[in-house]
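Visitor: Could you walk me through this model, starting with the ligand and then moving on to the fold?

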Amino acid sequence: MLVIGLTGGIGSGKTTVANLFAQLDIPIIDTDVIAREVTQPGQPALAEIEKHFGADILQADGTLNRGKLRDIIFNHVNERHWLENLLHPRIRKSMEAQIQALTSPYCIAVIPLLLEVEFYSMVNRILVVDASQQAQVERVMQRDKVSHSQVESILKNQASRQDRVARAHDVITNDGRIEDLTEQVEALNKKYLALASKST
Ligand code: ADP
């Protein structure tokens, strides 16, 4: 199975691009979705998080207070590492199981932190969605109703555009209209299908 790791900064358009691949019947594995699944009530990871951060990390209904957790790990690098050590092996395991179950020629794995975190070994190629910082800031402000400075501080903690593009096998540029993405996705789909047929 050819696994394409799709990455890019916040607001670059990863989800939008993944949806376009999904429209072409390509399966999408999304590590954000898996991260939420493994921290649902009843999952061992949530019990570990509660033990480590205290009961205050949960909301009244017993679900994880994601905003609070995000604030903590954003401000304390040690806590971020602790959480990564807890979640990443579980995320990898779930990804592996999902990939195993697929029968398509290739799949797209959306991994926002592909460059920051060691997920390389799980993908065959890296596809980066690249957008100008200005476009990223405007989109995230609108989508998440956050301030300019909040987006900028998130961006500061992520890999730079240059680093990402330097590591990419393929790049989708998302500085124009959403409609402009379709053609780029269709071209890559053809390329990936050809690569997948060669590797089997
Ligand atoms: P990511 O998953 O990388 O954070 P999204 O795909 O969610 O980014 O895109 C961020 C927001 O910007 C979404 O609301 C999306 O609809 C919008 N968006 C994405 N690409 C474009 C574009 N080319 N023009 C205008 N809005 C866009």
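This is a predicted model: local features need pLDDT of at least 70, side-chain atom pairs count only at pLDDT 80 or more; totals for chains, interfaces and linings use all residues.

Visitor: Okay, and how far is an oxygen atom of the ligand from an N or O atom in the side chain of Thr16?

Guide: That distance is 2.6 Å for Thr16, and on the nitrogen side, a nitrogen atom of the ligand sits 2.7 Å from an N or O atom in the side chain of Asn174.

Visitor: How much of the ligand does the protein bury?

Guide: The protein buries 76% of the 560 Å² that the ligand exposes when it is taken alone.

Visitor: And how many residues surround the ligand?

Guide: There are 14 residues around the ligand, and the closest are Lys14, Thr15, Thr16, Arg143 and Asn174.

Visitor: Switching to the fold, what is the strand order in the sheet?

Guide: The sheet is open and has 5 strands in the order β2-β3-β1-β4-β5, with parallel pairing. Because β2 (28-30) and β5 (170-173) each have a single partner strand, they stand at the edges, and one side of each is left without a neighbour in the sheet. On average, neighbouring strands of this sheet are turned by 25 degrees against each other, direction ignored.

Visitor: How many bridges join β1 to β4?

Guide: Strand β1 (residues 2-7) and strand β4 (residues 125-130) run parallel and are joined by 4 bridges, and Ile4 stands opposite Arg125 in β4.

Visitor: Which strands does helix α5 touch?

Guide: Helix α5 (residues 77-100) packs on the sheet and touches β1, β2 and β3 (106-110), with its direction at about 170 degrees to that of β2. Helix α9 (residues 180-199), in turn, lies across β1, β3, β4 and β5, and runs at about 165 degrees to β5.

How values were computed. Residues are numbered from 1 along each chain as its sequence is written. Side-chain values use heavy atoms; hydrogens and water are left out. Two strands pair if DSSP finds at least two bridges between them. Helices (H or I, at least four residues) and strands (E, at least two) are DSSP runs, numbered from the N terminus. Axes are lines fitted to C-alpha atoms, for helices over the stretch in contact, and angles run from 0 to 180 degrees between N-to-C directions. Contact means heavy atoms within 4.5 Å. A residue is near a molecule or strand if one of its heavy atoms lies within 4 Å of it. A polar contact is a pair of N or O atoms within 3.5 Å; within protein, one must be able to donate a hydrogen and the other to accept it, and residues adjacent in sequence count only if both atoms are side-chain atoms. Accessible areas come from the Shrake-Rupley method with a 1.4 Å probe; for residues, only the protein chains shown count as cover.
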